[in-house]
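Trainee: I would like to learn how to read the packing and the strand pairing of a model such as this one. Could we go through it together?

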Amino acid sequence: MTEKCPNGVMSRELSVGEVAERSGVAVSTLHFYEEKGLIRSERNRGNQRRYPRSILRRVAVIKVAQRTGIPLAEIAEALAVLPHDRPLTVKDWSALSRTWRRTLDERIERLTRLRDQLDGCIGCGCLSMQECPLRNPMDTLGAEGPGPRLLEPDAV
Ligand code: FES
C-alpha cells in the first residue's frame, strides 16, 4: 500500500492491513491486542481502524516479549504506563527488558528446580505422597490459589 496521500504528504496513519503486513502479525491478532489494551487505534470517517506509525515498534516489543515467554497480561501491564502516541524509545525498551529479564530469571530458576525434582521421578512412577517431590499431598498448594502453583507461584 502506498505511503503517500493524494496531496503527496506521507500518511501518518496505517490501516490494520498495513500494520499486519509490516509487523508480520495477523489482523486477528492485532484486533486481539487492541481488545486487551496493548495497542490503540482511532477510527477514520469510514469507521475503519487507523494506527499511528509508532504502533510498529510497540507491536515489535509485544512480539519479542511473547517470544521470551512473558504472559500477555504482564506485557499489557508494562505497556499501560507508556504513551500510545509516540514510538517506544530505547530507554523504554531498556526498562522493559530489564524487568522482563528478572521475571525470566525467576521462572528459569523455578523450572530448573522442578526439572531437578523430576529427575528423581523418571523411571519411578510411584507418585508416592510421602516420597515424590512433585506430589501435592492433601492439595496444600490449592490454598495458595488456582493454577499451577509450582510453576507460577505469583499467579492470582
Ligand atoms: S514418581 Fe516416584 S518419586 Fe516421583
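Mentor: Let us begin with the term that packing rests on: two residues are in contact if their C-beta atoms, placed from the backbone, lie within 7 Å. Please keep in mind throughout that this is a predicted model.

Trainee: With that in hand, which helices do the buried residues of H4 pack against?

Mentor: The buried residues of helix H4 pack against helix H3, residues 55-67, and against helix H5, residues 90-119.

Trainee: Which residues of H4 are buried, and why do they count as lying on the same side of the helix?

Mentor: A residue is called buried if 20 or more other C-beta atoms lie within 10 Å of its own. In H4, which spans residues 72-80, Ile75, Ala78 and Leu79 are buried. They are on the same side of H4 because the arc they cover around the axis is only 95°. The face turned away from that buried side carries Ala73, Glu77 and Ala80, which are exposed.

Trainee: How many helices and strands does the protein chain have, and what pattern do they follow along the sequence?

Mentor: The protein chain has five helices and three strands, and, read along the sequence, they follow the pattern β-α-α-β-β-α-α-α. Of its 156 residues, 13% count as buried. Among contacts with a separation of 6 or more, 50% are made by residues 24 or more positions apart.

Trainee: In what order do the three strands form the sheet?

Mentor: Two strands are taken as paired if DSSP finds at least two bridges between them. Here the three strands form an open sheet in the order E1-E3-E2, with antiparallel pairing. The edge strands are E1 and E2, each of which pairs on one side only.

Trainee: Which residues are partners across these bridges?

Mentor: Strand E1, residues 13-14, is joined to E3 by two bridges, and glutamate 13 has proline 52 of E3 as its bridge partner. Strand E2, residues 42-43, likewise pairs with E3 over two bridges in the antiparallel sense; glutamate 42 stands opposite arginine 50, while arginine 43 is partnered by arginine 49. In the hairpin of E2 and E3, five residues lie between the strands, and asparagine 47 takes a positive phi near 65°.

Conventions:
Residues are numbered from 1 along each chain as its sequence is written. This is a predicted model: local features need pLDDT of at least 70, side-chain atom pairs count only at pLDDT 80 or more; totals for chains, interfaces and linings use all residues. Helices (H or I, at least four residues) and strands (E, at least two) are DSSP runs, numbered from the N terminus. A residue is buried if 20 or more other C-beta atoms lie within 10 Å of its own, exposed if 12 or fewer, and partly exposed in between; C-beta atoms are placed from the backbone. The arc is that of the directions from the helix axis to the C-beta atoms.
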